[in-house]
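Trainee: Hi! Could you walk me through the side-chain contacts in this one?
Mentor: Happy to, let's open it up.
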Amino acid sequence: MALKYVVNLGLLILFVACTGQETSDYTVEAIRTPSPPEIDGIEDDPIWQQITPVVLKENRTGNETRDVAIRTQVKSCYDDQTLYFLFLCNDPDIWTSFTQRDEHLWENEAVELFIDVDDEPETYVEIEVSPANVLFDSYIVDTLNIDVPETALFNLKGIRTAVKVAGTLNDRNDKDDHWTVEIAIPLADLGNENIPQVTTATEIRINFYRLDENQGKERMYYAWSPTVDRFHKPASFGRLIFK
């Protein structure tokens with residue numbers, strides 16, 4: 001009995017070490033919208049004007065970004081069928097080399113959104129969008145050993161994204177201002193074998209990220225609920241609250 005207890009305790013310690021020692025207490029409110037925003041990459045829908053954004057922090061340090069020129073904000077809303085997200089990315093150098101769905105967007109500039117709808121921390125949906133409105137979507141089943149080609153076979157059937165660039169995409173010699181991303185995700189697309197039907201009553205864990213690399217500057221990693229190192233740390237995901 002004592003040996004079994006020691007083994008189980010060891011496995012528990014290993015699991016905690018792999019997934020993060022503490023659960024994030026970050027919460028973000030998704031506001032109910034009476035009419036869906038138009039997914040065009042423009043922040044002019046009435047619902048977006050009503051929402052106070054969350055601001056991403058430097059992922060490694062957890063410090064707030066003091067430089068307004070590279071600040072990242074995220075807004076969330078929903079209706080009975082769909083989750084909507086808006087990323088506002090201030091960026092003096094907007095670029096990406098990728099043009100095809102499910103390419104390795106994280107190697108350039110991109111925003112990322114991780115959504116976990118069940119009680120299994122190893123399984124969640126990963127969504128990335130580049131400044132060229134290229135999409136990467138995958139379903140993670142093992143956070144420590146991610147088979148990228150296999151997970152990328154997963155596709156969100158009804159997802160819609162749009163990007164608006166205030167500047168010149170891929171001109172590294174001029175100064176840009178910002179890029180805006182809108183994402184619409186049908187709740188029905190988020191169901192899995194544990195939670196076949198996702199609704200506004202489902203408890204959802206979530207995190208927002210941004211990858212940014214400006215000409216002549218250090219590559220930066222930003223997160224809403226900082227993970228300190230790699231983004232794939234489910235224990236650091238916050239909670240989405242339907243208001």
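Trainee: Is Trp 224 buried or exposed?
Mentor: Trp 224 counts as buried, at 4% relative accessibility. Keep in mind that this is a predicted model.
Trainee: Which residue pairs up with Trp 224, and how is the pair arranged?
Mentor: The rings of Phe 208 and Trp 224 sit 5.5 Å apart, centre to centre, with 50° between the planes, and the pair is tilted. Phe 208 is in strand β11, while Trp 224 is in the loop between β12 and β13, 16 residues apart. Phe 208 counts as buried, with 0% relative accessibility.
Trainee: And what about Tyr 209, which ring does it pair with?
Mentor: Tyr 209 pairs with Phe 231, and this pair is stacked: 4.0 Å centre to centre and 15° between the planes. Here too the pair links distant parts of the chain, with Tyr 209 in strand β11 and Phe 231 in the loop between β12 and β13. Tyr 209 has 0% relative accessibility and counts as buried; Phe 231 is buried as well, at 8%.
Trainee: Which rings are in the cluster with those two?
Mentor: Ring pairs join Tyr 209 and Phe 231 with Phe 114, Tyr 124, Tyr 221 and Phe 237.
Trainee: Switching to charges, how many salt bridges are there?
Mentor: The count is 11. One of them joins Arg 32 and Asp 80, whose closest N and O atoms are 2.9 Å apart.
Trainee: How exposed is Arg 32?
Mentor: Arg 32 is partly exposed, at 41% relative accessibility. Asp 80 is partly exposed too, at 46%.
Trainee: Where does Arg 172 come in?
Mentor: Arg 172 forms a salt bridge with Asp 93, at 2.7 Å between the closest N and O atoms. Asp 93 is buried, at 3% relative accessibility, while Arg 172 is partly exposed at 25%.
Trainee: Last one: which residues form a salt-bridge network?
Mentor: Asp 91, Arg 210 and Asp 212 are linked that way.

Technical notes
Residues numbered from 1 in each chain as written. Predicted model: local features only at pLDDT ≥ 70, side-chain atom pairs only at ≥ 80, totals over all residues. Heavy atoms only, no water. Salt bridge = Lys/Arg side-chain N within 4 Å of Asp/Glu carboxyl O. Buried < 20%, exposed > 50% of the residue type's maximum accessible area, 1.4 Å probe, protein only. Phe/Tyr/Trp six-rings, centres within 6.5 Å; stacked < 30°, edge-to-face > 60°. Helix = DSSP H or I, 4+ residues; strand = E, 2+ residues; numbered from the N terminus.
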